[in-house]
Amino acid sequence: MIVSFCLPVPAGAATVYETQAEFLARAFSDSPPEPNLLWLSGERKSAVRQILGHDYPALRLRYWCQADRSAWVLEEIGKELPITVGIIIDKSYIRNLRVLTYRENRGGEVATPAFTDQFNEAALKQSGKLDTGIDGISGATLSVQALTRLATMALMLNAESNCSSGA
Amino acid sequence: MRRLHRTVGVTAAAFVIFMVVSGLAINHSNGLGLDRRHVSQPFLLDWYGLDGPETFQSYAAGDDWLSFAGSQLFLNDKPVATVSNGTGAVFNGEMLIAAGSDELLLLDPQGQLIERLPWGPAGAEKIDSLGLSDNGGVVVASGGQSWFADQDVLSWERSNEAGLSPLWATPASAPENLQQAIARQYRGSGPSLERFLLDLHSGRIFGPIGILIYDLLALAIAFLALSGLILWARGRRNGKQR
């Protein structure tokens, strides 16, 4: 109990690791395509709700698609604030997942490549879950879960997008 | 030693009980929902310095009002999203559009967020103002240039043609009762109960002097542990001698 005397005062500053423009430039060799739209309605909305445990806080999403590659910028709340994540998918496998902006006071370790590289090559199982086990980080459980949900959601949306058919 | 131990013990007892109870609550704040409930008592909001919004601007959007109160966007008196440095809001007949200095928010007429768009066409500076073109398209003024969106607000084109004269959003004075309702809502979303308990638990709620007093009380508890051990050892030794 005495140890908790040293609890830090929340700082509340967002850390931007990569802007959306930088992420897209990296995903598509400096020439990102025009975005596409995906509306979250009907069964798709229900599927997203099942993955996240709540509705996604927007009615439509944009994604970028070139050949078999798609890029997604999604947000999910870790504990109190949204984490912005960029996800690159090749065919139906995650090529790269990167935290673009982290706003929580604790749990920023999820932005390190040591953690995010675990998502590389992850795909969806028949059950709709990730086929790769993601090791947690002590003290960042909610952020880890948020990123895992977003990876699952991106793979599910990719399968429904034009990109999955190589458009 | 025994008298000092007793005096310090009695003084620190209430503090220890408080630390135990608040520490337990903090450890289980998620399960108890303390991170989702907010402090709303006026004197506590005053204590935290939570006054009304520093900046307040309203825009008439169709029959409704979109207002930027600090970083909170309100549709009439309903908080609908956060946006920093509000620069304008319009209604194009289908969507409500609100602009911050570096993002655009598209909302349906009920205020549900359709999409949050980071502002960043190549070569664009921050958003100065927002408007509508003759055909209801979204227009952004940025760095002295006008940017026109396509129908889905997917892509932007820069244009300085003289014939295009967008209708720019201009702030207006919302009804007084609406302003008051927004100020109440804004002030009401104070710190979470978890944050309040953390500040209470650490003494930070009382400022630097609070932390100092808590430090002294922590030392007093350490003293109690030590003096208790010494008294126990003495008692044991005296018992053996008898």
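Which helix of chain B supplies the largest share of the positive patch? The structure examined here is a predicted model, in which local features need pLDDT of at least 70, side-chain atom pairs count only at pLDDT 80 or more, and totals for chains, interfaces and linings use all residues. Residues are numbered from 1 along each chain as its sequence is written, chains are lettered from A and ligands numbered from 1 in the order in which they are written, and side-chain values use heavy atoms, with hydrogens and water left out.

The largest share of the positive patch, three residues, comes from helix 1 of chain B. The patch lies on the surface and gathers Arg2(B), Arg3(B), Arg6(B), Arg234(B) and Arg237(B). A patch is made of residues with over 30% relative accessible area and no salt bridge, like charges being joined within 9 Å; a salt bridge is a side-chain nitrogen of Lys or Arg within 4 Å of a carboxyl oxygen of Asp or Glu. At least two residues of the positive patch are supplied by each of helix 1 and helix 6 of chain B, where helices are DSSP runs (H or I, at least four residues) and strands likewise (E, at least two), numbered from the N terminus. Arg3(B), in helix 1 of chain B, has a relative accessibility of 66% and counts as exposed. The terms used are buried for under 20% relative accessible area, exposed for over 50%, and partly exposed in between (1.4 Å probe, protein chains only).

A negative surface patch is formed by Glu34(A), Asp150(B), Asp152(B) and Glu157(B). Asp152(B) is placed in the loop between strand 11 (145–149) and strand 12 (156–159) of chain B, and its relative accessibility of 38% makes it partly exposed.

Aromatic rings were also examined. Rings of Phe, Tyr and Trp (its six-membered ring) pair if their centres lie within 6.5 Å; planes under 30 degrees apart count as stacked, over 60 as edge-to-face and the rest as tilted. By this rule, six aromatic pairs are counted over all chains. One of them is the stacked pair of Tyr63(A) and Trp72(A), at 4.6 Å centre to centre with 15° between the planes; both residues are buried. The ring centres of Phe15(B) and Tyr214(B) are 5.2 Å apart and the planes stand at 85°, so this pair is edge-to-face. Because Phe15(B) lies in helix 1 (residues 2–27) and Tyr214(B) in helix 6 (residues 207–241) of chain B, the pair ties together parts that are 199 residues apart in sequence. Phe15(B) is buried at 9% relative accessible area, and Tyr214(B) is buried at 8%.

Key
Patches are made of residues with over 30% relative accessible area and no salt bridge: like charges are joined within 9 Å, nonpolar side chains (Val, Leu, Ile, Met, Phe, Trp, Tyr) within 5 Å. Accessible areas come from the Shrake-Rupley method with a 1.4 Å probe; for residues, only the protein chains shown count as cover. Lys and Arg count as positive and Asp and Glu as negative; His and the chain ends are not counted. The place of a charge is taken as NZ of Lys, CZ of Arg, CG of Asp or CD of Glu.
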